[in-house]
Amino acid sequence: MSANIETYPLTAGMEMNGQAVGLQKYEALGGYAGAKKALLQMGPAQVMQEVKDSNLRGRGGAGFPTGQKWSFVPMGENAPKTKYLVVNADEMEPGAFKDKMLLEGNPHQLIEGIVISSYAIGASVSYVFLRWAYKEAAKRIEQAISEAHSKGYLGKNIFGAGFDHEVRLHTSAGRYICGEETALLTALEGKRGIPRAKPPFPQMCGLWGKPTVVNNVETIANVPHIIRNGAKWFKEISRSSDGGTKIYGASGRVNKPGAWELPMGTPLRELLETHAGGMKEGYKLKGIIPGGASTEFMLEQHLDTPMDFDSVPRAGSRLGTGTLMIMDDKTCPVGLVLNIMEFFARESCGWCTPCREGLPWLAGILRKIERGDGNPEDLEILNEHIHLLGMGHTFCALAPGAMEPLQSALKYFNEDFKAHIEKKRCSYK
Amino acid sequence: MLTSSEIEEIKHEVERAGRGLNASVEALKIVQRQRRWVPDEELEEVSKLLGVTTHELDAVATFYSFIFRRPVGKNLILVCDGPACWMLNGHMLVETIKDELGIGLGETTKDGEFTLLPISCIGLCDKAPAMMINDDVYGGLTPERVREALNKYR
């Protein structure tokens with residue numbers, strides 16, 4: 001990892017041995033200078049404007065402009081006194097491991113981002129909603145919260161600026177749907193984590209009915225650097241119109257699986273060939289799921305796509321989390337899509353019928369095809385359901401997300417599906 | 001029966017959270033800490049402390065993957081069944097554990113030492129295949145490394 005904070009702000013100073021960047025080291029790198037600047041020299045509106053100008057887009061996967069998201073929060077004297085910032089650290093998207101790197105690698109960066117972001121929207125309490133399995137991250141966040149308190153970076157009257165803030169860590173008991181922002185809020189309230197109807201949007205009516213902003217870990221981690229170095233700098237370190245860097249990653253049969261901070265818009269080919277070290281000997285590239293299990297496959301023909309929020313859709317997929325799952329030519333695409341469908345079927349919250357009933361049914365059909373018992377009509381049923389479980393037919397985006405890898409697999413790997421049905425077996429085994 | 005210190009802890013959580021139901025997940029985790037699961041009797045006691053019905057609390061308990069309403073073994077083995085691990089022979093994990101301990105997914109060894117369950121992607125995709133045993137994570141697994149890991153808990 002690079003030590004250059006000017007070009008690689010998020011991972012600068014991170015240790016190769018997996019230890020967290022400690023408070024002292026973080027401060028030496030300029031840590032908490034952004035918070036100090038925001039609270040002492042800038043008003044909340046100025047902080048919000050700087051983030052807007054930076055073109056920071058939500059790193060949870062949807063890419064919604066962060067400054068714009070904040071701007072829906074009621075501000076001013078007539079605004080509700082209680083507001084919340086919630087950090088979505090429930091990283092459960094299969095194939096994603098970027099937030100874990102930031103949470104474990106530099107928890108103070110997150111705390112500083114929380115202080116600044118909360119100041120911008122006027123929130124005196126924030127929650128970090130952490131996934132169950134991230135035990136090490138939980139320890140490091142707790143430690144960082146307590147260290148920040150003892151240095152006066154959290155608590156009452158931070159930097160003497162008259163701003164109070166408390167961070168509370170909530171560790172989930174494990175369920176994918178809690179990563180959906182409204183389900184996350186319902187879960188934080190202690191109920192079954194089922195999604196809510198939008199509108200009203202959380203910025204108006206969120207946690208316990210109060211204005212709430214939900215932001216991803218990586219999004220918040222960028223905020224201190226934007227405030228310290230300015231929106232112009234943030235746009236300049238990017239290779240696209242989206243500002244900043246991105247934590248990209250790769251898994252599968254590549255020579256150097258891992259995660260790296262790179263300029264936003266780094267082309268897919270560079271990620272695969274340079275950073276992931278290319279395919280392992282004896283394996284060829286067959287497809288790439290670019291941003292977690294709920295994104296569409298990309299192919300070799302898409303390798304020159306700049307990996308940013310606007311370019312990836314032109315190649316038929318989404319940037320999502322930016323952590324690539326690389327499928328080699330000896331992996332069965334039907335089997336992989338089955339694995340993904342089983343995940344979504346298990347993690348459906350059960351709230352709406354199409355998702356609860358539809359996903360297990362589709363998983364069953366894929367299982368049948370994979371073991372060699374499928375027939376041509378099964379492919380028609382699968383194709384129909386891409387529409388029937390798509391956007392607008394379900395309560396939230398879980399089932400539509402599950403349709404993305406399926407739809408693209410049916411399109412790109414149709415021969416594989418047909419071969420399973422014709423030969424009555426999986427020829428990859 | 002909840003111990004008096006557990007009751008105190010749960011009351012503290014309720015106070016911190018403001019409202020009873022807000023503390024549901026924390027309270028259930030407190031129950032599980034010693035027992036490793038949530039029996040009916042304790043569920044009822046907690047619901048009274050939270051001021052909610054047992055059904056409301058059970059609705060929360062059964063929603064989450066890691067609140068257990070059935071007994072689990074002393075050690076929890078969680079094998080990642082995410083796509084990145086699946087691509088790198090993740091099924092080997094379940095097979096190796098079955099050979100070693102004689103249990104399949106959802107089963108507990110007769111001596112109550114180990115329970116084997118699947119877990120959704122645990123963010124070790126670059127070190128696939130991966131698993132957790134209790135709070136410990138293991139990546140880059142081979143059958144040999146799975147056996148080594150298991151031995152630490154025997």
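**Reading the model: chains, domains and a helix pair**

Tutor: In chain A there are 17 helices and nine strands, where helices (H or I, at least four residues) and strands (E, at least two) are DSSP runs numbered from the N terminus. This is a predicted model, in which local features need pLDDT of at least 70 and side-chain atom pairs count only at pLDDT 80 or more, while totals for chains, interfaces and linings use all residues. Residues are numbered from 1 along each chain as its sequence is written, and chains are lettered from A and ligands numbered from 1 in the order in which they are written.

Student: How do you know that the radius of gyration of chain A agrees with that of a compact globule?

Tutor: The radius is taken over C-alpha atoms, and the globule rule is 2.2 Å times the number of residues to the power 0.38. For 429 residues the rule gives a value near 22 Å, and chain A has 22 Å, so the two agree. Along the principal axes, the C-alpha atoms of chain A fill a box of roughly 75 × 45 × 35 Å.

Student: Into which domains is chain A divided?

Tutor: An automatic or database domain assignment supplies the bounds, which are 23–236 for domain 1, 245–328 for domain 2 and 333–423 for domain 3 of chain A. The C-alpha centres of domain 1 and domain 2 of chain A are 27 Å apart, and their contact takes twelve residues from domain 1 and 16 residues from domain 2, contact requiring C-beta atoms, placed from the backbone, to lie within 7 Å. Helix α5 (residues 98–105) of chain A gives the most to the domain 1 side, with three residues.

Student: How many residues does the contact take from chain A and from chain B?

Tutor: That contact takes 35 residues from chain A and 29 residues from chain B, and α13(A) supplies the largest share of the chain A side, five residues.

Student: What makes α3(B) roughly perpendicular to α4(B)?

Tutor: Helix α3 (residues 40–50) and helix α4 (residues 54–61) of chain B pack at an angle of about 110°, with their axes 9 Å apart. Axes are lines fitted to C-alpha atoms, for helices over the stretch in contact, and angles run from 0 to 180 degrees between N-to-C directions. Angles under 35 degrees count as roughly parallel, over 145 as roughly antiparallel, 65 to 115 as roughly perpendicular and the rest as oblique, and therefore α3(B) is roughly perpendicular to α4(B).

Student: Which residues of α3(B) and α4(B) meet?

Tutor: L43(B), E44(B), V46(B), S47(B) and L50(B) in α3(B) meet T54(B), L57(B), D58(B) and A61(B) in α4(B).

Technical notes: Contact = placed C-beta atoms within 7 Å.
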